[in-house]
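Reader: I have a structure to look at and would like to go through it with you. Can you show it first?

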Amino acid sequence: MKVGLFVPCYIDQFYPQVAVATMELLERLGCEVVFPLNQTCCGQPMANSGFAAASGGCDKNFVANFKGLDYVVGPSGSCVLHIKDHLHDDGDAAAALHIREHVYELTEFIVDVLKVEHIEASFPHKVGIHQSCHGQRGLHLSSMSELNAPSFSKPEKLLEMVKDINISKPIRVDECCGFGGTFCVFEEAVSVKMGKDRIAEHEDNSVEYITGVDVSCLMHMEGILRRQNSKTKIIHIAEILNSVVYAKS
Amino acid sequence: MQRVEHSKAAEIFNIDEPRVDWHDDTLWFVREKRDKAAHQLPEWETLRELASQIKNHSLSNLDHYLEEFEMNATKNGITVHWAADGKEHNQIILELIQKNKVQRVVKSKSMLTEECHLNPYLIEKGIEVVDTDLGERIVQFRKEPPSHIVLPAIHLKKQEVSDTFHEHLHTEKGNNDPQYLTEAARVHLRDKFIQSQLAITGVNFAIAETGGFVVCTNEGNADMGAHAASIHIACMGIEKIIPQAQDLGVFLRVLTRSATGQPITTYSSHFHRPRAGQQMHIVIVDNGRTKQLGRPDFRNSLKCIRCAACFNTCPVYRRSGGFSYHNAVAGPIGSILNPNIDMRENADLPFASTLCGSCSHVCPVKIDIHDQLWKWRQILTAEGYVASSKKVGMKGMAFVLAHPSIYRFVGKMARWALTTFPTLLANRKFNPWAKQRELPIAPKESFREWFLKNKG
């Protein structure tokens with residue numbers, strides 16, 4: 001099974017450790033991971049700002065990079081959702097369609113495609129789960145508080161396989177953190193206020209880390225945490241799932 | 001009034017952080033009540049689906065049902081008027097007022113009359129219009145618009161209501177007791193009901209097969225008005241139509257559960273015909289609705305039953321307040337309805353969202369609100385209603401990201417600059433990111449560089 005590793009642009013540049021963890025995790029779970037070297041971005045920053053029409057070059061480049069692979073997997077619910085909903089390439093419509101139908105966010109790929117029931121990892125820390133909206137409400141990675149429907153969570157299912165982890169949830173279990181792409185600068189005041197409120201609920205739970213499936217939300221919250229000189233850190237779920245078990249009895 | 005961009009108004013709203021917290025908590029409490037009510041019904045999601053389908057069907061057959069409604073209402077003795085826009089709506093009402101030599105009017109809550117700016121229009125013509133919904137009366141005293149379509153005075157604390165009542169109703173200064181203040185409003189409004197000659201109400205549902213309509217209130221003020229006055233004018237948008245009386249069994253169950261978490265409104269009043277000696281009129285208004293109906297991507301925004309669940313759940317609304325949306329209908333639904341009426345004036349609204357999608361999932365008629373916000377952004381950009389600086393920035397970004405080697409160069413430069421001139425990039429005045437957030441710490445190498453070194 002050939003899996004194309006989709007590393008969103010800001011992860012490539014600012015959070016390479018998340019991509020490393022994703023790659024190592026997928027390899028440990030038995031995938032043949034391919035990293036197409038000329039990938040850049042999914043085009044979401046432009047599209048969500050109203051410039052979807054300008055992201056054609058991005059789309060074309062994405063298709064050229066990920067064509068012919070069995071699956072495309074990325075550690076970001078938001079970017080994956082964008083590809084799933086909007087990727088198109090008039091020059092190679094079939095390849096674009098294949099990608100749209102085979103692109104997965106990391107945790108849904110592990111749960112739904114690899115059907116993994118056991119992960120060898122240990123993370124002896126108190127961790128607060130942040131539900132990233134696009135993964136949750138867009139990709140249905142977990143149930144949402146708005147609906148009267150059975151509860152489930154793919155990221156949580158995986159975290160529960162990790163030894164010694166102490167998982168906690170904020171009171172407003174799935175409120176948005178306020179990142180929202182370019183919203184974070186064009187609506188700076190509300191964006192930051194939303195982030196502060198999310199963080200406050202996690203800190204009320206005395207978490208050491210806030211984790212999630214989207215680095216963008218985590219980057220936003222990290223920026224606020226560091227400005228507040230908080231001891232709370234952010235960590236992507238791939239990094240937790242890739243924490244090797246050192247001490248074994 | 002000069003409109004202030006949503007982001008600017010939100011920034012001003014956020015200066016008083018404890019007040020933002022209070023506003024946020026107050027509305028979140030309503031969202032929680034909604035959740036409790038919705039989650040108690042095993043058939044909740046089925047009801048939402050039914051409500052959505054009935055509205056879809058009604059919108060697809062609007063011409064037919066409106067005519068059927070007109071025929072049956074007329075048969076019942078109701079006079080039906082048609083208004084193409086807000087101006088015609090206001091004129092029709094003024095003519096009825098003048099023809100009947102009315103001086104004093106009471107009005108229960110109707111977002112349509114807010115949308116048409118009926119109050120200022122009538123007041124300018126020398127007519128006394130008294131809003132009889134408690135929240136609406138409070139904001140009317142304060143010469144403010146409502147900040148929320150269900151809870152018009154939700155932006156005010158009880159001390160502010162007390163001050164307002166002290167000024168207008170001469171209540172005891174500093175007495176913030178809600179019971180005391182409500183009693184004062186009650187006594188004041190009783191007088192207005194008794195003196196009024198004409199009552200205006202909104203319409204929640206107009207039923208084609210019966211020619212009747214339903215008005216929902218928690219205070220009974222629509223009934224007090226309509227029963228005391230000799231003329232009743234009900235105002236409705238064309239989208240309020242439903243085919244049959246039995247459909248109310250769906251809508252009355254979802255409306256108030258979504259709005260406030262109550263199983264049903266305290267008063268769900270069914271009006272079918274005027275009583276002996278009374279005149280009953282209904283004004284059916286388009287005001288841009290047929291235009292929205294003609295936009296395939298946005299047509300189903302007309303399914304809205306004005307419950308405001310999307311307001312209460314919206315993390316942006318809760319932290320920016322109703323006035324930041326500079327329209328009678330604020331919140332997420334307002335952000336997809338208002339650009340239809342005036343794109344230039346409302347070009348900021350579809351961007352006042354993180355696209356988190358909570359709105360679409362609390363919506364009792366399943367409007368895909370967040371998808372429509374996204375689609376409005378594309379249209380507003382294509383039509384040239386966004387700042388040219390944003391356009392240049394986005395086009396530049398698109399160019400960089402379409403060219404892998406330029407992207408890698410720019411990425412490297414960004415990491416280098418972040419390490420070399422951290423204080424320059426973190427300038428709080430010029431970089432909105434850095435105003436209240438630290439910039440990410442730049443790693444030495446990108447993932448690609450790591451990959452080529454270790455795996456290549």
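**Contact and cores**

Author: The contact takes 58 residues from chain B and 57 residues from chain A, where two residues are in contact if their C-beta atoms, placed from the backbone, lie within 7 Å. This is a predicted model: local features need pLDDT of at least 70, side-chain atom pairs count only at pLDDT 80 or more, and totals for chains, interfaces and linings use all residues. Residues are numbered from 1 along each chain as its sequence is written, with chains lettered from A and ligands numbered from 1 in the order in which they are written.

Reader: How do the residues on chain B's side divide into nonpolar, polar and charged?

Author: On the side of chain B that touches chain A, 32 are nonpolar, 14 polar and 12 charged. Ala, Val, Leu, Ile, Met, Phe, Trp, Tyr, Cys and Pro count as nonpolar, Asp, Glu, Lys and Arg as charged, and the others, Gly among them, as polar.

Reader: Which residues have the most contacts inside the largest nonpolar core?

Author: A:Val73, B:Phe213 and B:Cys310, in a core of 187 residues. Such a core is a set of buried Ala, Val, Leu, Ile, Met, Phe, Trp, Tyr and Cys residues joined through C-beta atoms within 7 Å; buried means 20 or more other C-beta atoms within 10 Å of a residue's own, again placed from the backbone.

Reader: Which helix gives the most to this core?

Author: Helix H12 of chain A, residues 215-227, with 7 residues. Helices here are DSSP runs of H or I, at least four residues, numbered from the N terminus.

Reader: And what does A:Val73 touch?

Author: Not counting residues up to four places away in sequence, its contacts include A:Val3, A:Leu5, A:Tyr104 and A:Phe109. Apart from that core lies another, of 11 residues, B:Leu27 and B:Phe165 among them.

Conventions
A residue is buried if 20 or more other C-beta atoms lie within 10 Å of its own, exposed if 12 or fewer, and partly exposed in between; C-beta atoms are placed from the backbone. Helices (H or I, at least four residues) and strands (E, at least two) are DSSP runs, numbered from the N terminus.
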